[in-house]
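Let's take a friendly walk through part of this structure, one element at a time. Have the sequence and the 3D view at hand.

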Amino acid sequence: MSSQDFLKNINQKHERKPSEEIHTLKTSGNPEKNKKIDNGKIKDTSIAKIILKSGLSKVKRKIQIQLYEMKAKIEELDPFKGILSEDTLIKGDISDEDIGIESDKIYKEHMRLTFMSLKGIRGLKKISEEKIQEKMVNLIKKPENKGRKTVIFDLDETLVHCVGVGKGHVSLPVKFPNGKTSVAGVNIRPFAIECLEAASQLFEVIVFTASHKCYADVILDYLDPENKLIHHRLYREHCVQVNNFNIKDLRIINRRIQDMVIIDNAIISFAFHLNNGVPIISWFKNPYDKELQNLISYFPVISEAEDIRDINRSLFHLDTFYEDYYDEFNNL
Ligand SMILES: [Mg+2]
């Protein structure tokens with residue numbers, strides 16, 4: 001599918017009236033804002049919503065807290081205590097109705113967090129050219145990636161969620177710089193490996209995490225044991241600290257800015273490159289999450305784009321999202 005066909009398809013889907021949309025928030029009284037909706041432009045930041053709207057019915061979430069008795073003992077030994085959440089990956093039976101309700105909550109919370117992040121971004125200090133130069137990396141493009149654009153994945157809450165000792169989907173040993181080793185429990189997001197495989201067929205793939213190398217490498221080695229799917233890795237040390245946030249400034253990477261897309265659950269990570277970003281919903285444990293599967297459908301579209309930022313802007317409107325939803329979220 002070409003970029004144009006994709007956008008045409010998306011816009012046709014959005015010709016329905018807002019009142020017919022399951023997740024549509026009330027629109028502003030400002031006719032200029034509503035006009036954008038009437039014109040079929042999309043203000044939806046969920047990949048699932050945008051790419052496969054029908055797939056949302058499968059989204060479900062059930063929170064089950066376990067191991068109360070063991071919790072105190074584990075916490076005493078847990079080096080991740082206070083850093084990581086205590087979620088556990090559990091499947092449960094939920095009715096379709098409940099799935100729909102949970103789906104609504106997840107989506108609306110994502111919209112609210114998107115707004116709040118964009119509000120926070122407005123107060124960030126600009127990053128100086130000197131700082132960019134200081135952080136610059138020279139990533140050698142592998143011959144097989146010549147002519148390809150670059151997909152940059154975040155790690156935590158985008159591909160995986162780390163839950164500490166003795167829990168999670170898999171247990172992986174992490175060796176800290178002080179020489180001590182601990183076992184991290186890690187939940188792997190559904191379709192994480194499939195998504196990396198699909199990305200590596202069309203793009204150069206970078207993982208850029210704000211986590212430390214000692215932790216990230218263990219997880220990335222698990223996801224990509226043969227070192228074939230992820231071509232480069234960037235870590236906390238490559239982020240720029242601004243107002244205590246770790247910002248992933250794409251200017252430090254020696255690629256053309258219009259050829260990079262970053263998939264990150266934290267919009268603030270790509271605060272200075274909003275239209276390069278895909279604001280994926282944060283993932284912790286929902287075993288029915290399909291965001292990464294839906295993302296696979298998006299890859300062929302952006303791989304052909306003249307400028308990835310134009311396609312992202314058409315879909316996510318992150319550059320105007322704050323103004324568009326000011327009335328809905330500003331006083332919450
Ligand atoms: Mg993240």
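How far apart should the ends of α9 be, given its 13 residues at 1.5 Å a residue? Keep in mind that this is a predicted model. The 13 residues of α9 should span 18 Å, and its end C-alpha atoms are 18 Å apart, which agrees. Along the way, α9 bends by about 35° at Ser297, with a proline, Pro300, following within four residues. Several residues of α9 are buried, among them Leu292, Leu295, Tyr298 and Val301.

Now turn to α7, which covers residues 192-202. Its buried residues are Cys195, Leu196, Ala198 and Ala199. These four sit on the same side of α7, because they cover an arc of only 165° around the axis. What do the buried residues of α7 pack against? Their partners are β1, β5, α8 and α9.

β1 pairs with β5 in the parallel sense over four bridges, and Phe153 has Val207 as its bridge partner in β5. Strand β6 also runs parallel to β5, joined to it by three bridges, and Ile206 stands opposite His232 in β6. Together, β5, α8 and β6 make a right-handed β-α-β unit.

Terms used: Residues are numbered from 1 along each chain as its sequence is written. This is a predicted model: local features need pLDDT of at least 70, side-chain atom pairs count only at pLDDT 80 or more; totals for chains, interfaces and linings use all residues. A residue is buried if 20 or more other C-beta atoms lie within 10 Å of its own, exposed if 12 or fewer, and partly exposed in between; C-beta atoms are placed from the backbone. Helices (H or I, at least four residues) and strands (E, at least two) are DSSP runs, numbered from the N terminus. The arc is that of the directions from the helix axis to the C-beta atoms. Two residues are in contact if their C-beta atoms, placed from the backbone, lie within 7 Å. The expected span of a helix is 1.5 Å times one less than its number of residues. The bend at a residue is the angle between axes fitted to the seven residues ending there and the seven starting there. Two strands pair if DSSP finds at least two bridges between them. A crossover is right-handed if, with the strands pointing away from the viewer, the path from the first strand over the helix to the second runs clockwise.
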